[in-house]
Amino acid sequence: MNKEAFFKITYGLYIVTSSYKGDDSGYIANTVFQVTSSPAKFAISCSKDNYTNDIIQKSGAFSFSILKENYKDEIMSRFGYHSSRDTDKFEGITLTYGKTMVPIVQDECIAWFECEVEQQVDLGSHIMYIGKLISNGMINTDAHPLTYDYYHKVKRGLAPKNAPTFIEKESKEEAESNKTDDESGIHICDVCGYEYDPEAGDPDNGIPPGTAFEDLPDDWTCPTCGAEKEFFS
């Protein structure tokens, strides 16, 4: 199987949310797509392990907000690498509530859509929900939508474990055999795959170019998933 070919399939990145009796939940998704135009219907794919899946099952509704290209890393960490079971992902987030009372994320997004579930398909590890559009709106008309390609090449992020496009990292044996004599000082997050490049630094978090990984502050964390320095290799 050629893993590189998988990365050539185009995706956007979205924040999918739902709510049931005041219990709000959400996650980062890349499988959101329009399936019909009249009436407008959209499909999402949600892991059965996601807490949001339980909420959608109960509420019968979901929303998704389209992330913008120059998003702040904290929102990816919050919605992509933590669970709503034990984290209030919406604390401090700008929200509106739709006709079905699902939360609609405004921060770092350019548009939103609210849907009522009409069909669901069991895919084994995931459930595909097909929803009829009942409302939508624009948030930022100037920003560009975030694509998976940009997320990989510029942000250097990987798919979370529950994502439909998740691909297992190299085994320890494969990693050992693929080692090179590269002395660039790049460190990779073992949690999400983010690469810290000393030549680029982390300007968004006050780390100037030319800062070696060893010289990063002790409290510096992965810009993508929030992992501490000890989780880099």
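A word on the source. This is a predicted model, where local features need pLDDT of at least 70, side-chain atom pairs count only at pLDDT 80 or more, and totals for chains, interfaces and linings use all residues. Residues are numbered from 1 along each chain as its sequence is written, and side-chain values use heavy atoms, with hydrogens and water left out.

Now the terms. A salt bridge here is a side-chain nitrogen of Lys or Arg within 4 Å of a carboxyl oxygen of Asp or Glu. Helices (H or I, at least four residues) and strands (E, at least two) are DSSP runs, numbered from the N terminus. Buried means under 20% relative accessible area, exposed means over 50%, and partly exposed is in between, with a 1.4 Å probe and protein chains only.

Back to our pair. Is lysine 41 buried or exposed? Lysine 41 counts as buried, at 19% relative accessibility. Glutamate 118 is partly exposed, at 42%.

How many salt bridges does the whole structure have? A search finds 4. Side chains of opposite charge can pair when their charged atoms come close.

Here is another one. Lysine 48 forms a salt bridge with aspartate 122, and the closest N and O atoms are 2.9 Å apart. This pair also links distant parts of the chain, 74 residues apart. Lysine 48 is in the loop between β4 and α2, and aspartate 122 is in strand β8. Lysine 48 is partly exposed, at 31%. Aspartate 122 is exposed, at 53%.

Next, a salt bridge inside a helix. Arginine 78 pairs with glutamate 74, with the closest N and O atoms 3.0 Å apart. Both are in helix α3, residues 73-80. They are 4 residues apart, so about one helical turn separates them. Arginine 78 is buried, at 16%. Glutamate 74 is partly exposed, at 44%.

Stay with α3. Of its 8 residues, 7 are buried, so the helix is largely enclosed by the rest of the structure. The buried ones are Asp73, Ile75, Met76, Ser77, Arg78, Phe79 and Gly80. What do they pack against? Their partners are β1, β2, β5 (61-67), β7 (103-105) and α4 (148-153).

That brings us to the cores. A nonpolar core is a set of buried Ala, Val, Leu, Ile, Met, Phe, Trp, Tyr and Cys residues joined through side-chain atoms within 4.5 Å. The largest has 28 residues, and Leu67 and Met76 touch the most other members. Helices α3 and α4 each supply at least two residues of this core. The most comes from α3, with 3 residues.

Look at methionine 76. Contact means heavy atoms within 4.5 Å. Neighbours within four places in sequence aside, methionine 76 is in contact with Leu13, Ile28, Leu67, Tyr71, Tyr81, Leu146, Tyr151 and Thr224. Apart from this core lies another, of 20 residues, including Tyr14, Ala29, Phe62 and Phe113.

Now the hairpin. Two strands pair if DSSP finds at least two bridges between them. Strand β1, residues 14-20, runs antiparallel to β2, and 7 bridges join them. Serine 19 has aspartate 24 in β2 as its bridge partner. The hairpin has 2 residues between the strands, and lysine 21 takes a positive phi near 50 degrees.

On to asparagine 53, in helix α2, residues 51-59. Asparagine 53 is buried, at 5%. Its contacts, leaving aside neighbours within four places in sequence, are Cys46, Ser47, Lys48, Ile127 and Tyr129.

One of those contacts is a cysteine. Cysteine 46 is buried, at 0%. Cysteine 115 is buried too, at 0%. How many disulfides does the structure hold? With a disulfide taken as a pair of cysteine sulfur atoms within 2.5 Å, the number is 0.

Last stop, the surface. Serine 38 lies in the loop between β3 (32-37) and β4. Serine 38 is exposed, at 71%. Its C-alpha atom is separated by 9.8 Å from that of lysine 132, which is 94 residues away along the chain.
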